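Please look through the structure shown below, and then follow this report as it moves from one region to another.

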Amino acid sequence: MNKPISNSQPAIELGDNEKAMKLVAEMLAGNIVDIRPEFDFTSELGFTYPAAEQVLAVKGEEVVSILESLADKGILRRGFFDRLLRCPQCRSVNLRPTTYCPKCGSGNIARGRVFEHFVCKYIGLEDEFIAKGRYICPKCGQELRTIGSDYQSLGLMRKCRDCDEVFNIPLIKWRCLKCSSLTAEDRVTEVNIYSYSFNEAKRGWLEFELKPKLQLIEFLKQRGYEVKENAEVKGRSGAKHSIDILATRDDGIITYNIAIGVKVAGDEIGLGEIFDFDDKAYDIGIHDKILIVVPGLGKEAESFASLQRIKVLEVKDLETVLAGGMPKPSQEVKREPFEFKSKSKLIEYLKRQGYEVKENAEVKGRSGAAHNIDILATRDDGIMTHHIAIGIEVAGEPVGLDKVFDFDDKAYDIGILNKVFIAVPGLTKEARQFAQRQKIKVFEVKELEALG
Ligand SMILES: [Zn+2]
Ligand SMILES: [Zn+2]
Ligand SMILES: [Zn+2]
């Protein structure tokens with residue numbers, strides 16, 4: 001995990017486009033309450049979302065796909081509005097139903113009152129029986145006399161003029177008025193159209209995503225961090241973890257990785273979520289941990305976070321951090337490759353990088369013992385204070401395990417995790433292996449330029 005991580009991602013994951021963000025911002029501000037469709041059969045889809053189109057500056061399918069992606073993310077809520085039929089050939093919604101005989105498929109059908117003559121069993125439309133102001137059966141020529149006794153009315157039905165079939169329900173096909181194709185009822189495309197409203201449950205999260213998060217990322221970048229959102233990192237356990245914001249800065253001596261977790265909940269955030277975050281950071285070997293919480297932490301979670309050295313920022317704390325403004329000129333340092341030449345040059349280098357440097361620092365450890373650290377460098381970059389313990393060992397032969405072990409022990413006792421060990425003229429093999437395992441950054445130097 002010492003490799004700087006490049007290629008920062010787009011700032012936000014809201015349908016990964018700025019247009020969607022703009023629409024969400026308008027809804028958050030209350031400028032748009034509901035996004036309702038309006039029918040417009042001259043448009044490509046047959047309906048439009050005028051309010052959304054205006055903000056998004058796109059039309060048709062593009063608007064629908066943005067709205068749908070926001071709905072999929074739970075930011076918008078769908079409400080059923082209507083169902084439209086669409087021509088499967090040309091997608092037009094300009095369809096007209098046409099009726100056909102269910103027996104022979106002819107379109108030559110008539111609708112009207114239908115009579116049945118009991119005497120000859122003839123069934124026909126009322127029109128067929130009318131002759132000279134009376135009802136005469138067209139089949140047997142007898143006059144119909146009393147309804148219910150020698151004939152009956154079957155009610156309003158349809159009769160095929162080609163095959164004489166009498167039926168209630170005709171076959172329906174849809175004629176497309178745009179491309180003229182005819183589509184069977186079960187082949188026509190049905191489209192539900194929705195209105196969309198803002199999901200208030202997402203307000204807290206969105207308010208963070210849309211402003212402080214972007215500002216935080218900018219803040220980190222100004223301070224020389226490379227920033228990756230939703231970074232996928234493989235842990236020592238082999239598991240893959242996603243870190244909300246991973247900030248990496250290589251200042252020549254130490255590469256810093258900060259894992260930033262964002263927890264936005266409706267209620268206070270519990271211990272379980274803090275534990276998850278801490279666990280991930282541990283697995284990927286990151287000890288600089290920041291947790292941004294909206295609204296706040298429960299008592300138990302708070303004490304756990306402080307025990308695990310997780311810096312917890314509520315949005316108001318974050319605003320204070322961000323108000324720190326642009327980095328001071330001394331913090332805006334160009335990266336220069338570090339090469340150890342002498343202790344005094346190292347100190348100059350650290351100061352140029354914005355570190356406060358203490359030589360032969362006396363530090364009291366957790367055990368109560370006082371330790372002497374050759375160089376203790378401290379740098380507060382506005383969001384995180386980094387301490388580096390530097391041990392320097394100059395000897396006539398490769399420096400052995402015992403010296404590195406002592407140094408590691410001291411650093412552990414005083415709780416410093418960024419460890420640099422400079423060995424002149426180098427390390428023994430065991431010492432080097434130990435240093436690697438303990439994540440001590442080692443500079444093995446052949447000889448000193450001058451006595452430093
Ligand atoms: Zn008859
Ligand atoms: Zn027919
Ligand atoms: Zn069509």
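This is a predicted model: local features need pLDDT of at least 70, side-chain atom pairs count only at pLDDT 80 or more; totals for chains, interfaces and linings use all residues.

T378 has H387 of β22 as its bridge partner, while D380 stands opposite T385 of β22. Between β21 and β22 there is a hairpin with 4 residues between the strands, in which G382 takes a positive phi near 100 degrees.

These strands belong to an open sheet of 5 strands, which follow one another in the order β20-β21-β22-β23-β24 with mixed pairing. The edge positions are held by β20 (356-364) and β24, each of which pairs on one side only, and from one strand to the next the twist averages 30 degrees. Helix α11 lies across β20, β21, β22, β23 and β24, and runs at about 155 degrees to β23. In the loop between β23 and α12 lies P425, and the peptide bond that leads from V424 to P425 is cis, with omega near 5 degrees.

## The largest pocket

The largest pocket has a volume of about 1,600 Å³. It is lined by 48 residues, of which G285, I286, H287, L417 and N418 are the closest to its centre. Several elements give two or more residues to this lining, among them the strands β22 (385-394), β23 (418-424) and β24 (440-444) and the helices α7 (271-283), α11 (401-414) and α12 (429-437).

Which classes of residue make up the lining of the largest pocket? Divided by class, the lining has 19 nonpolar, 14 polar and 15 charged residues.

Strand β15 (residues 226-234) and strand β16 (residues 240-250) run antiparallel and are joined by 8 bridges. E226 has T248 of β16 as its bridge partner. The hairpin of β15 and β16 has 5 residues between the strands, and in that hairpin G238 takes a positive phi near 100 degrees.

Strand β16 also pairs with strand β17 (residues 255-264), in the antiparallel sense and over 6 bridges. Here the bridge partner of D250 is T255 of β17. With 4 residues between them, β16 and β17 form a hairpin, and G252 in its turn has a positive phi of about 100 degrees. Strand β17 also has a part in the pocket described above, where it is one of the elements that give two or more residues to the lining.

## Two packed helices

Two packed helices are described by the angle between their axes and the distance between the axes. Helix α6 (residues 212-222) packs with helix α9 (residues 315-322) at an angle of about 35 degrees, and their axes are 10 Å apart. The crossing in which α6 passes α9 is left-handed.

On the side of α6 the contact is made by P212, Q215, L216 and F219, and on the side of α9 by V315, L318, V321 and L322. Of the residues in this contact, 7 are nonpolar and 1 is polar, with no charged residue.

## A sheet of three strands

Another open sheet has 3 strands in the order β1-β14-β4, with antiparallel pairing. Its edges are formed by β1 (34-35) and β4 (76-86), each of which has a single partner strand, so one side of each is left without a neighbour in the sheet.

The pairing of β4 with strand β14 (residues 189-198) is antiparallel and takes in 10 bridges, with T189 of β14 as the bridge partner of R86. Helix α3 (residues 60-72) lies across β1, β4 and β14 and runs at about 135 degrees to β4.

## A positive phi at a lysine

K121 lies in the loop between β6 (109-117) and β7 (122-125). The phi of K121 is near 70 degrees, which is a positive value in a residue other than glycine.

How values were computed: Residues are numbered from 1 along each chain as its sequence is written. Chains are lettered from A and ligands numbered from 1 in the order in which they are written. Side-chain values use heavy atoms; hydrogens and water are left out. Axes are lines fitted to C-alpha atoms, for helices over the stretch in contact, and angles run from 0 to 180 degrees between N-to-C directions. A crossing is left-handed if the near helix is turned anticlockwise from the far one by less than a right angle, and right-handed if clockwise. Contact means heavy atoms within 4.5 Å. Ala, Val, Leu, Ile, Met, Phe, Trp, Tyr, Cys and Pro count as nonpolar, Asp, Glu, Lys and Arg as charged, and the others, Gly among them, as polar. Two strands pair if DSSP finds at least two bridges between them. On a 1 Å grid over the protein atoms alone, a cavity is a set of points where a 1.4 Å probe fits but cannot get out, and a pocket is an open set with protein on both sides within 12 Å along at least five of seven lines; lining residues have an atom within 4 Å of a point. Grid points are joined across faces, edges and corners, and a volume is the space filled by probe spheres set on the points.
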